[in-house]
Amino acid sequence: MDNMSTSVIRPRDQLSRPLRDLRISLLDQCNFRCTYCMPVKKFHENYQFLKRNERLNHDEIIRLVKILVPMGVSKIRLTGGEPLLDKNVAHLVEKINQIEGIEDLALTTNATLLKKKAQDLANAGLDRITISLDSIDQEVFYKMNGNRGNVVDVMEGIEAAEKAGLFPIKINTVIQRGVNEHTMINLLEHFKGSGHIVRLIEFMDVGNQNNWNLKDVVTAKELLDMIQDKWPVSPVNESYRGEVAKRYSYNDGSGEIGFITSVSKPFCGDCSRARLSADGVLYTCLFANHGTDIKQLLRSNASDVEIHNVFSNLWMARNDRYSETRKSYKPDESLKKIEMYRMGG
Ligand code: SAM
Ligand code: SF4
Ligand code: SF4
């Protein structure tokens with residue numbers, strides 16, 4: 001990168017939080033239509049997704065990551081939409097993995113295409129994989145993913161990832177009241193003793209399309225009570241500051257589970273995450289209603305130093321803590337938030 005001596009290195013935001021994690025959405029398309037993320041009514045067959053040239057290309061992504069490492073970014077997560085729909089995702093992983101300073105490179109996927117891609121991703125240097133799976137009951141799974149995904153395919157993806165050495169795997173399970181909480185115990189039982197870590201996620205009010213309502217959120221406390229009735233578990237200490245999930249281990253030694261309590265116990269205090277959408281807009285909070293267009297900057301003649309300074313200034317101005325200030329827990333339709341499929345989960 002060009003000389004950066006004049007710029008601020010490792011900025012802190014208004015709440016003194018550093019920038020460590022960057023989540024990169026590779027594309028806005030997905031082969032699922034999860035009701036809480038891309039409801040089919042809105043994301044129908046004529047829906048206009050971004051065109052290829054509207055998305056950041058891999059060279060642009062790599063340039064940005066190189067610019068952000070000196071600012072403190074050491075963790076990258078590739079996401080989407082569905083990141084495995086990007087045919088060259090393994091090549092991108094290989095390139096990011098070669099960037100000095102990247103200590104942790106992860107990817108989140110619905111795993112339907114993972115069986116074919118797991119080995120290439122592992123060979124390319126992917127450190128960790130997170131797989132989303134809301135239920136192992138096929139009917140319930142269909143209901144949540146818009147009749148698109150099969151449990152069998154996800155299981156085969158998990159198996160392939162294990163074989164490729166991507167272990168342990170985190171399994172993300174969003175719980176919605178009246179939809180899948182009755183299948184949670186089965187899902188936990190399936191993975192208990194496997195070494196994989198199921199993380200139960202409270203249904204969040206991301207974006208404006210998913211009809212979010214507090215009454216549909218099953219809190220971590222409720223889930224924990226249901227689990228304790230079946231298997232005693234005990235809390236595990238945070239393994240690093242800012243860890244997203246609250247961790248518990250089964251007292252019988254058969255592994256760990258986690259809770260992502262964005263609604264009932266927000267964790268903004270240590271949030272060091274920024275998100276880059278597929279069309280190159282930078283967001284400093286998952287619940288943001290505006291972002292900064294970096295693609296335009298990348299496609300102008302801006303130097304690395306100039307881009308670095310834009311990021312630095314953005315980060316230093318950041319004061320996001322949406323989850324901690326969520327008002328009245330009633331969906332606020334006037335607040336136009338960005339959709340998760342767009343900015344990346
Ligand atoms: N398509 C990939 C997948 O599903 O794993 C990656 C992108 S997806 C947006 C990332 C994660 O966000 C998934 O684990 C998904 O369950 C979660 N997610 C999406 N909308 C959510 C919501 N409203 N509340 C909680 N989690 C949500
Ligand atoms: Fe697709 Fe992931 Fe959103 Fe489901 S949660 S619609 S798999 S992007
Ligand atoms: Fe971070 Fe925003 Fe989530 Fe708070 S609400 S943890 S600031 S992404």
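Me: What counts as a contact here, and which residues does Leu78 touch in this predicted model?
Reply: Contact means heavy atoms within 4.5 Å. Beyond its neighbours within four places in sequence, Leu78 meets that cut-off with Ile24, Leu26, Pro83, Val89, Leu92, Val93, Ile96, Ala106, Leu107 and Thr108.

Me: What makes Leu78 stand out in the largest nonpolar core?
Reply: Leu78 is listed with Ile76 and Ile227 as the residues with the most contacts inside that core. The core has 108 residues.

Me: How many helices and strands does the protein chain have?
Reply: The chain has 11 helices and 12 strands.

Me: Why is the chain called as compact as a globular protein of its length?
Reply: Its radius of gyration is 20 Å. The globule rule gives 20 Å for 345 residues. The two values are close, so the description holds.

Me: How much of the protein chain counts as buried?
Reply: Of its 345 residues, 56% do. The cut-off is under 20% relative accessible area.

Me: Why is Arg342 called partly exposed, rather than buried or exposed?
Reply: Its relative accessible area is 24%. Buried needs under 20% and exposed needs over 50%, so 24% falls in between.

Me: Where does Arg342 lie, and what does it touch?
Reply: Arg342 sits in helix α11, residues 340–343. Leaving out residues up to four places away in sequence, Arg342 contacts Ser25, Leu50, Ser277, Ala278 and Asp279.

Me: What separates Arg342 from Val236?
Reply: They are 106 residues apart along the chain, and their C-alpha atoms are 33 Å apart.

Methods: Residues numbered from 1 in each chain as written. Chains lettered and ligands numbered in written order. Predicted model: local features only at pLDDT ≥ 70, side-chain atom pairs only at ≥ 80, totals over all residues. Heavy atoms only, no water. Core = buried A, V, L, I, M, F, W, Y, C linked by side-chain atoms within 4.5 Å. Buried < 20%, exposed > 50% of the residue type's maximum accessible area, 1.4 Å probe, protein only. Helix = DSSP H or I, 4+ residues; strand = E, 2+ residues; numbered from the N terminus. Rg over C-alpha atoms; globule rule 2.2 N^0.38 Å.
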